[in-house]
Amino acid sequence: MIDAPIDLDGHRSAAGQHDAEMRRRPVNTEPDSGQSRQPHLEDLEDRMLAEPARSWVEVMEKWRFLLDRYATTPEAGDERVQMLIKRALGDMERLRKREERK
């Protein structure tokens, strides 16, 4: 018998590794209590839905919120998708700062 564990991930294809990583992620479950959403998120969503954006900064804030929410879903678990999300958020922050300096 060998004392060292066998690294099965090293023998998997890229797709197989991705599938294994997705199985290892915790499942997003709703809490059993009556509050399915956090109050501060609900308030933020209500404010975002109240009226249309008046500037590009407000549009970027809405997109940032949506991307942050999407990033926590199983569908966004792929490393390439996570990298795209991080870059898009970085671009939005850079553009927001540029817009505020005007």
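This is a predicted model: local features need pLDDT of at least 70, side-chain atom pairs count only at pLDDT 80 or more; totals for chains, interfaces and linings use all residues.
A residue counts as buried when its relative accessible area is under 20%, as exposed when that area is over 50%, and as partly exposed in between.

The protein has 102 residues, of which 15% count as buried. Its exposed surface comes to about 8800 Å², and carbon and sulfur atoms supply 55% of that area. Turning to contacts between residues with a separation of 6 or more, 45% of them link residues 24 or more positions apart.

Helix α3 covers residues 56-71, and it packs against α4 at an angle of about 160 degrees, with the two axes 10 Å apart. Because angles over 145 degrees count as roughly antiparallel, α3 is roughly antiparallel to α4. The crossing of these two helices is left-handed. On the α3 side, the contact is made by V57, M60, W63, R64, L67, D68, Y70 and A71. On the α4 side, the residues are V81, Q82, I85, A88, L89, M92, E93, L95, R96 and E99. Sorted by class, the contact has 12 nonpolar, one polar and five charged residues.

One is V81, which sits in helix α4, a helix made of residues 79-101. Is V81 buried, exposed or partly exposed? With a relative accessible area of 22%, V81 is partly exposed, because this value falls between the limits of 20% and 50%. Leaving aside residues up to four places away in sequence, V81 touches Y70 and A76. The C-alpha atoms of V81 and A71 are separated by 8.3 Å, and these two residues are 10 residues apart along the chain.

The other residue is E93, which also lies in helix α4. E93 has a relative accessibility of 26% and therefore counts as partly exposed. How far apart in space are E93 and V57, C-alpha to C-alpha? The distance is 9.4 Å, while in sequence E93 and V57 are 36 residues apart. Both E93 and V57 are among the residues that make the contact between α3 and α4.

Note on methods
Residues are numbered from 1 along each chain as its sequence is written. Side-chain values use heavy atoms; hydrogens and water are left out. Buried means under 20% relative accessible area, exposed over 50%, partly exposed in between (1.4 Å probe, protein chains only). Contact means heavy atoms within 4.5 Å. Accessible areas come from the Shrake-Rupley method with a 1.4 Å probe; for residues, only the protein chains shown count as cover. Helices (H or I, at least four residues) and strands (E, at least two) are DSSP runs, numbered from the N terminus. Axes are lines fitted to C-alpha atoms, for helices over the stretch in contact, and angles run from 0 to 180 degrees between N-to-C directions. Angles under 35 degrees count as roughly parallel, over 145 as roughly antiparallel, 65 to 115 as roughly perpendicular and the rest as oblique. A crossing is left-handed if the near helix is turned anticlockwise from the far one by less than a right angle, and right-handed if clockwise. Ala, Val, Leu, Ile, Met, Phe, Trp, Tyr, Cys and Pro count as nonpolar, Asp, Glu, Lys and Arg as charged, and the others, Gly among them, as polar.
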